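Please open the structure in your viewer and keep the selection panel at hand.

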Amino acid sequence: MARETEDPGMAKASKVKRQRKKKTKENKTRTVHANLLYDNAKGEENPNRHYANNKIKTTKYTVLSFLPKNLFEQFHRFANVYFVFIALLNFVPVVNAFQPELALAPVVFILSVTAIKDLWEDYRRHRSDKEINHMDCLVYSRAERSYVEKYWKEVRVGDFIRLRCNEILPADVLLLSSSDPDRLCHIETATLDGETNLKQRQVVRSFFDLDCDFDPIKYNSIIECEKPNNDLNRFRGYIIHRSGRRDALYKENLLLRGCTIRNTEEAVGIVIYAGHETKAMLNNNGPRYKRSKLERQMNVDVFWCVIILLVMCLFAAVGHGLWMFQYGDKRPVFDVLSPDGTDLSPIMSAIYLFLTMIIVFQVLIPISLFVSIEIVKICQVYFIHQDMELYDEETDSHLQCRALNITEDLGQMQYIFSDKTGTLTENKMVFRRCTVAGVEYSHDANARRLAMYQEMDSEEEECTSHGGTLPRRDSVTSHQTPWSVRLTFTHFSYSVLSADKPSSDLQEKDITPDPQLLDKVNECSSQMDFMRFHSQPMSQLPSDLADVIDFFIALTICNTVVVSSPNQPRQKVQLTSTKSIQSNHLQVNKGSSSSLITNRSSNKGCSSMLSSPSAESTLTKLDEEQPPRDLEHNFGPVLPCYDGKAWNLEEGELRYEAESPDEAALVYAARAYKCSLVGRLPDQVTMELPHLGKLNFELLHTLGFDSTRKRMSVVVRHPLTDQITVYTKGADSVIMDLIKPPDTGSSKGKRQKKIVNRTQNYLNLYAADGLRTLCIAKKIMSKEQYACWLQHHLEAETAIQGREELLFESALRLETNLQLLGATGIEDRLQDGVPETIASLRKAGLQIWVLTGDKQETAVNIAYACKLLDPEEEILTLNEACALFNFTTFEIYPSSSPSSSSSSHTPPFMVHRLGLVIDGRTLAYALDKSLEDKFLAVARSCRSVLCCRSTPLQKSMVVKLVRNKLKVMTLAIGDGANDVSMIQVADVGVGISGQEGMQAVMASDFALPRFRYLQKLLLVHGHWCYSRLANMILYFFYKNAMFVALIFWYQFYCGFSGSAMIDQWYLIFFNLMFSAFPQLITGTLDKDVSAETLQQLPQLYVNGQNSEEYKPYMFWMNMIDAFYQSLVCFFIPYFAYADSDVDLFTWGTPFTTLALFTILVHLGIETKTWTWMNWLSIAFSIALFFTVALCYNASCPTCYSPSNPYWTMQRLLQDPLFYLLCVITPVAALLPRYFYRACQGTLFPSPVQVGRQLDKLPAETCRNILSLSRVKVGSPLSPKPPFLSLAKPSPKGCNIKDQRSFPSSRASIV
Amino acid sequence: MATSYNAKEEDGHHSGASSHGAAGVVKSKKPDNTAFKQQRLPAWQPILTAGTVLPAFFVIGLIFIPIGIGLYVSSNNIKEFEIDYTGVDISNPCYSCAKNFSWNSTTPCVCSMNFTLEQPFESNVFMYYGLSNFYQNHRRYVKSRDDSQLNGDQSALKNPSKECEPYRTSDGLPIAPCGAIANSLFNDTLELYHIDSNNTRNTIPLVKKGIAWWTDKHVKFRNPGFIKLNKHLCTNKPVNWRKPVYELDPSDPDNNGFINEDFIVWMRTAALPTFRKLYRIIQKKSNTTPTLPSGKYVLEITYNYPVLSFDGRKRMILSTISWMGGKNPFLGIAYITVGSICFFLGVVLLIIHHKYDTRSNSADIPN
């Protein structure tokens, strides 16, 4: 709770914050009363009156506050302050250079453009707010004693609202009643976290057993809960009933704003958080603001521009002082006294002139640069967004640019840090093999079938390219085994829209069972059936068979999968026939508990005071001696239902919605063995077994999966044995530690030990195959043990402080001394095109590090499969076993190569290429302050780095380390919540909008549907964005310098008096209007190399990595060119008009024209692709200038002092000299640049130019050359990564393993 | 290139169609496959190499050199004569005038200079006065005027713009025309005499109309309606002026007041510190005789305008003009020079092209 007051992330609306602060002083929790108890929702005595109401206002401004607030925000940008300062300087008569009003024009223009943009955005927000605020919902009204329609904005904390199916929640609501007989409510949270599976929410326990409809009038409890915070997965509090009893509240009781009610006809709840205090709103942060590398570099040069400006002003000021000084006391007639008639000393006038010159030369600091960059970036984002090749048909999603201003950083990446699961792989799990009780079932048929699918896929691809497709696909699937056929038509929830690619989905659901295992399952269940029939205890079952059946029970029920039927998506399977039996069953159970009966009877009559939460009743039930169960009674009623027709129809079409894909894969796998999950209720799981029919497992407890425990458990009462059984499923490393040490004495113990050993062997094998391994274990508890544990657990659950820790400890107590059942190997297929993408990214000079939480063997194999590691490479493995050696490794490596480790910029040539594999524990050492430099030195010498078993924190530490120490541009890509920290730390964070929710996407700058799109995003769009923007910025600097220098040269001929021959209108609007459009078009559309070539020659990416388009010296080269061009543009007209009767502004107008032509032609030389838009923009610029000039010069004979350009342009257009100047000056000015570019193109073409030449060649030749060049990798085009010199890769302990023997095992992963 | 585009487009259409078929009514977010959105607008992609660029250099050279020669020749055909009458040297007839003169002296000082034209001036001759080292482009000087007043605006007449300070009022009365430019009006009078074979001085008629821009004379500058009631104009003359504005040319009401052409020409401030301004036009009388035959001439100067204090110079220039204006060989030379450089660079590029630029032909990409 203390955390929440400090948390800055939540500071959404300042109003909310203030209010909250005020309240924090009062208390640390929020107390919610029902509004119905008080007359008026806003009444004085209503304790809820301080809480924010449900009206949302995401707008920044109001009509009144817009101007001051917007201006205030804009003046946070230093450049704007500078320009306003200059504009205001014009109002000082002594120093003014322009008409003050006119001088304000540019800055007003810039400010208003930004203001209009802000206003528009704000207006859109306002409209959407209004729309949301005026949505309807049902709120209970005290006056009318029923639910009435109200607007969302009228909902207040403490109101009761009734929600119907498919309605969107208006606020965070505590669920008090549901029409669902199980007191459940299903919600879809896609708008919050993007997860499409349904989530169950439960009615608060005290209201659980309410038989009739919930009556708000009778509600008189008080809810105490935590303050509003932005953690979607946490809600703590308790409800205090009138009786003084407290009941804990969990996140399962809370329905969040923005979610949609599904599968539930009606639900009633009380509003806990409203409006801006809802979790959804608190989570709603705007887009991120980052400054790109290019912009940082640009700012340095803006600073240089300021220096140049000051030097020029100083020069002019000194010049003016000297000029004044030479006349001494004799004031010439043209040296006008200051307005008050006093004589200025040369020094004073020099000082005044300095300020004047700042105004005159202000154009040097490009006022429109910042606006132009923003416009160009928006266009770039638009184009990236529109790219068809970055669009994924399967998910109907395209790339999202969430950060609008770092597009060009994409072209400068040097390091990529990638997650593995879900990023490189599909995160669509396919059950591949399993081991039960130490026996491996290889599922060969399954593997063969998968291989066949792959072939089919490739065939199909060919087919698709030729046209016909779909019918064939059906025919292929139809000759599968009966099992797979039947399951073919089920839909997996993750691929709702993926009808286009059925084959990849099929693999998940449709598993060919291993015949051996299937036999065992059948045998086992028939035996059990037999035993049940003869009322024999189940313990007589042979232990291997028992393990098999337990294994499948665990697969089926140890999860959180929700069952729904696909023909009515989002409709819960209504087990209509079972329902009555179930309640019957419950009744039986409850009937056995006398205390419960009394409880229930006291509840009759719908008193709102409720009790008997299920946990407590469970406890009481446990205390009671259960009457001997009549097995017939328990199962009898179920069987007819199993035989019932309706049931059979539905069975094949069940659809499982799982939180994680492995869960679904396991459930589907179990179903292939006819152990299918048919229903899940909060307190009961129903599964169907062959011969046995449906079994109802009473679900006593679920300990959900979390990444620290890396396991999940369910506690059930086994219907056959009536034992309390814990099924645990989790990562092998964790489970193996929790296995009960086998008692070596007994035969059973020996068997156990053998199972553990064998399973461990198989696990290693699976991992080597690149499969994800999970261990399944169980534990049987006595009732006393369970009761004891439950007691502790309940305490932990109700604790408000430190609940997480307590729960964790409680879980630990339960999940010990497990008995290993078996393990599964699940394959996570590589995404399409991953090896190719990695190969070409690497050719592009990118260092790719994979940071994964998976185990080493799996990670290494995936790394081989995706060509991250190469069989040719030496693998340097740093793992736990070698932890002791690490220190020595780090010591030895750098010291053995003194020449290169510290200064590895010029490494000697390396024969051996290295790959580094490091695991989490070792990484912890390596990231230590003292070792990180050495770690980096080793890592840099490796071609690829693989960090396995790393925690999210370690991931971000690695990224931070590389970013800060090596000063490189880093990109982090990931898809899950565990990648968020890494994504946030990196310069560019990319999220894969995939299977694991949206957290990664929310934190990212760019969100991609698939990993392979990274290639085009970086190699093509990154390159383009970078080169376009870099060239545009350089051009901007050039353009302004060149224009301003014209005036500077003139100062030599006007006594450094600050006079400008260029009319002030032209001076001010030159940048803003006349020359603004072509550069925007070029900055947006120019393509130096075509997309195809960029992708075929990834080496061209190095261009951006080395910042070759915009190096510091280029700024100066451009400046020098600008000064040269301005010299030409000044002196050609100067000599042409020397000693003539031309007047000041008639002479100045050609300068504007010449400068315009020159910079346009300059742009033309730098433009690589000329589309009609380029032509149009240039023509438009010229036309605009002449139109404006002609209109302006004809408009007013007496205005626009001092230039008063009446009829100037018109006269110039009649002057042949003007045209002659317009021809020769641009030619003379651009001759050197044109010549240089031509020579460069021939003598020392940059790789990019070579790429452009390739573009020009006919496609055929081009392909030939490319195939040739691919052979010669590592040529001048490709970068030479700084290798460490390793004199001899001598084996040092276990550090270096030659992993060349791996290819054989790799073949299976593709 | 084009072929690959087409193939892709087909592909895109195809898959788009199939996805529509499968997804049914669900509207796809698929981006449009238009050339613009996919950044595939047809484009001209010039590659700058020696080979591709060298024709441009030769073409520029070949065009510029003839133009340059033409310009140079036509500039050389212009006849120009220039005489400095500042009177810096003792030998100069105007030396004494220059020495003794200041803005405040009231008596005019007259001096005359003899000169000889070697060649006859055939067409219309323009007579300029030229000033050097006179910074008419000084920032504060340029601003120091009131265009509304010069346009005959009565309120500006009575209340001149602040820009005119400190030449806005004198003795409590507004100055008309106000400002430093008007105040420093060039007021030398130049007269030209031809000395014929009989040693008689023939006055050469100098036309003083048509020396200003037509728009200036008729649009920008206007007299207030009651300029003829000049005495009642409650304004003061500029400080340095000897006579008020309505006496600039009493002989011709169309050339008097603010629309006096000498005044208008002066008010058009020169761009550079060395400048000339059109003073008079000597019109060609007949087709047979030259406007100014070669021979001796006398320039009689009423020396009113002091320039020595700021080291200025005064000149009288006689010049004919051509289609491209006055005599200025620079542009011709510039064209010839730039043309030659282009040609030279073209040759250099040709050599480079032959020696190095073989790649694009033989497709041997350096890899």
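## Where the two chains meet

Begin by selecting B:Arg268 and A:Asp1143, which form a salt bridge with their closest N and O atoms 3.0 Å apart; the term stands for a side-chain nitrogen of Lys or Arg within 4 Å of a carboxyl oxygen of Asp or Glu. This is a predicted model, in which local features need pLDDT of at least 70 and side-chain atom pairs count only at pLDDT 80 or more, while totals for chains, interfaces and linings use all residues. Residues are numbered from 1 along each chain as its sequence is written, chains are lettered from A and ligands numbered from 1 in the order in which they are written, and side-chain values use heavy atoms, with hydrogens and water left out.

Across the interface of chain B and chain A the rule finds 5 salt bridges, together with 28 residue pairs in polar contact, both residues being at pLDDT 80 or more. A polar contact is a pair of N or O atoms within 3.5 Å, where within protein one must be able to donate a hydrogen and the other to accept it, and residues adjacent in sequence count only if both atoms are side-chain atoms.

Next, select α10 (330-355) of chain B, one of the elements that give two or more residues to the side touching chain A; α10(B) gives the most, with 11 residues. Helices (H or I, at least four residues) and strands (E, at least two) are DSSP runs, numbered from the N terminus. By class, this side of chain B has 58 nonpolar, 25 polar and 20 charged residues, where Ala, Val, Leu, Ile, Met, Phe, Trp, Tyr, Cys and Pro count as nonpolar, Asp, Glu, Lys and Arg as charged, and the others, Gly among them, as polar.

Now show the whole contact (heavy atoms within 4.5 Å), which takes 103 residues from chain B and 115 residues from chain A. The area buried between the chains is about 9,600 Å², of which carbon and sulfur atoms give 64%; buried area is the accessible area (1.4 Å probe) that two parts lose on being put together, summed over both.

## A sheet in each chain

In chain B, select the 4 strands that form an open antiparallel sheet in the order β1-β10-β3-β8; two strands pair if DSSP finds at least two bridges between them. Here β1 (80-84) and β8 stand at the edges with a single partner strand each, so one side of each is left without a neighbour in the sheet. Zoom in on B:Glu82, whose bridge partner in β10(B) is B:Ile317.

In chain A, an open antiparallel sheet of 6 strands runs in the order β3-β2-β4-β13-β5-β11. Strand β2 (residues 136-141) is joined to β3(A) by 6 bridges, and A:Tyr140 stands opposite A:Tyr147 in β3(A).

Which residue forms a salt bridge with A:Lys955? Select A:Asp419, where the closest N and O atoms of the pair are 3.2 Å apart. A:Lys955 lies in helix α33 (residues 952-966) and A:Asp419 in the loop between β17 (415-418) and β18 (425-436) of chain A, so the pair ties together parts that are 536 residues apart in sequence.

Most residues other than glycine have a negative phi, and most peptide bonds are trans. The bond from B:Glu165 to B:Pro166, however, is cis, with omega near -5°, and the bond from B:Ala176 to B:Pro177 is also cis, with omega near -10°. Finally, select A:Asp1139, which has a positive phi of about 50° although it is not a glycine, and which sits in the loop between α41 (1112-1136) and α42 (1144-1166) of chain A.
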